[in-house]
Structure formats: C-alpha cells, structure tokens
Amino acid sequence: MPPSRSTHGTIWALFGHRLALEGPEGRVLVDLGPEGAEALAGAAVTLKPGDAIAVTGKQKPSEIKASAITAPDGTRHRITRSRPEDGDAGKADPALALAALRQAGYQVDGEARRKPKHFEIHARKDGGHFEAHVTFAGVIRKTKAISNGVTGID
C-alpha cells in the first residue's frame, strides 16, 4: 500500500482534475480524480493558480492521489474515489457493472470482461453499439462507439 503524504503550497498550474503545487519539497503533481474535482465544484470551491492549499493523499511514483484538500478559505474537503485502491480489485462484481449500464439505458450484449481496474462490456443504446468501461464500483467511466458490435481488437 502506498504511503500517505501531506503537503502544502501554492498552485502554479491546473490540468483538468490534476494540479501542480509548489511547496516546501519543491513541485509536486496532485491528482484530485474526476470525482474529486466534481465534488469541489459542487461545493463551490474554485481553485486557480496562486491559491495556497494543503493536500493529503497516497504517494504514488509520479503524484499524490488526494484524499483530502484544504481550500484557500481553510475549509477541509474529503475526496472520495469510485475507483478502488489496488487491494480492492478482488471485490469486483460484474453484476454491479451490468446494472449500472442497464440503469443508464443500455442493452447489454454479452458478458463483462474483467480488466485490472474496470469491466469492458459491449452494449447498445439509441441504435448504436458501444464498448463501455465500468468501474468495480459501478461507475461508467467511458463509452466508445464500435462498428456493428465489433471493435476489431481482442
């Protein structure tokens, strides 16, 4: 399990759901995750270069996966992730992924193929054929259109 790390500093750049922080240890990349960025936006937290923040999370080789952030106003926000940590991969339930697709209006074609961090599932919706990537927590991460139900890649 990666070690936990806390740091603070000034944001010098933003890249989608990642930010670059200049702090006492130098520059570090912080990953809020799509869910974290959405949660902060939902809480009316707008981050921008020059903001002073603090971050706690799991230290990965190239970044910190944030689990909490203290905003410029001093408010601490917890960041939850729908993607499981490496140790949770054994808890994958394809029924949860299939149910998420059906709830989103897809008709499932075939079985869920397990990948290290998600399921790949062929499905149809509105006359189109798609390959859907659904996390073990049942979140549809991405869909891509496929021709006649075949991607050409196994």
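## A salt-bridge network

Which residues are linked in a network of salt bridges? They are Arg18, Asp31, Glu63 and Lys65. The model is a predicted one. In total, the structure holds 12 salt bridges.

## Helix α1: the buried face

Helix α1 spans residues 33–42. Its buried residues are Gly33, Gly36 and Leu40. Viewed down the axis of α1, these buried residues fall within an arc of 35°, so they line one face of the helix. An α-helix has 3.6 residues a turn, so residues three or four places apart point the same way.

What do the buried residues of α1 pack against? Their partners are β3 (26–31), β5 (64–70) and β6 (76–78).

The face turned away from the buried side of α1 carries exposed residues. These are Glu38, Ala41 and Gly42. Just after α1 comes alanine 44, with a positive phi of about 65°.

Arginine 141 and glutamate 35 meet through their side chains in a salt bridge, at 3.7 Å from N to O. Arginine 141 lies in strand β10 (residues 140–146) and glutamate 35 in helix α1, so this pair ties together parts that are 106 residues apart in sequence. Arginine 141 has a relative accessible area of 33% and is partly exposed.

## Two further pairs

The side chains of arginine 27 and glutamate 22 also form a salt bridge, with an N to O distance of 2.7 Å. Is arginine 27 buried or exposed? Its relative accessibility is 56%, so it counts as exposed. The cut-off for exposed is over 50%. Glutamate 22 has a relative accessible area of 35%, which makes it partly exposed.

Aspartate 51 and lysine 48 make another such pair, their side chains meeting at 3.1 Å, N to O. Aspartate 51 counts as buried, because its relative accessibility is 8% and buried means under 20%. Lysine 48 stands at 48% relative accessibility, so it counts as partly exposed.

Conventions: Residues numbered from 1 in each chain as written. Predicted model: local features only at pLDDT ≥ 70, side-chain atom pairs only at ≥ 80, totals over all residues. Heavy atoms only, no water. Buried < 20%, exposed > 50% of the residue type's maximum accessible area, 1.4 Å probe, protein only. Helix = DSSP H or I, 4+ residues; strand = E, 2+ residues; numbered from the N terminus. Arc of directions from axis to C-beta. Contact = heavy atoms within 4.5 Å. Salt bridge = Lys/Arg side-chain N within 4 Å of Asp/Glu carboxyl O.
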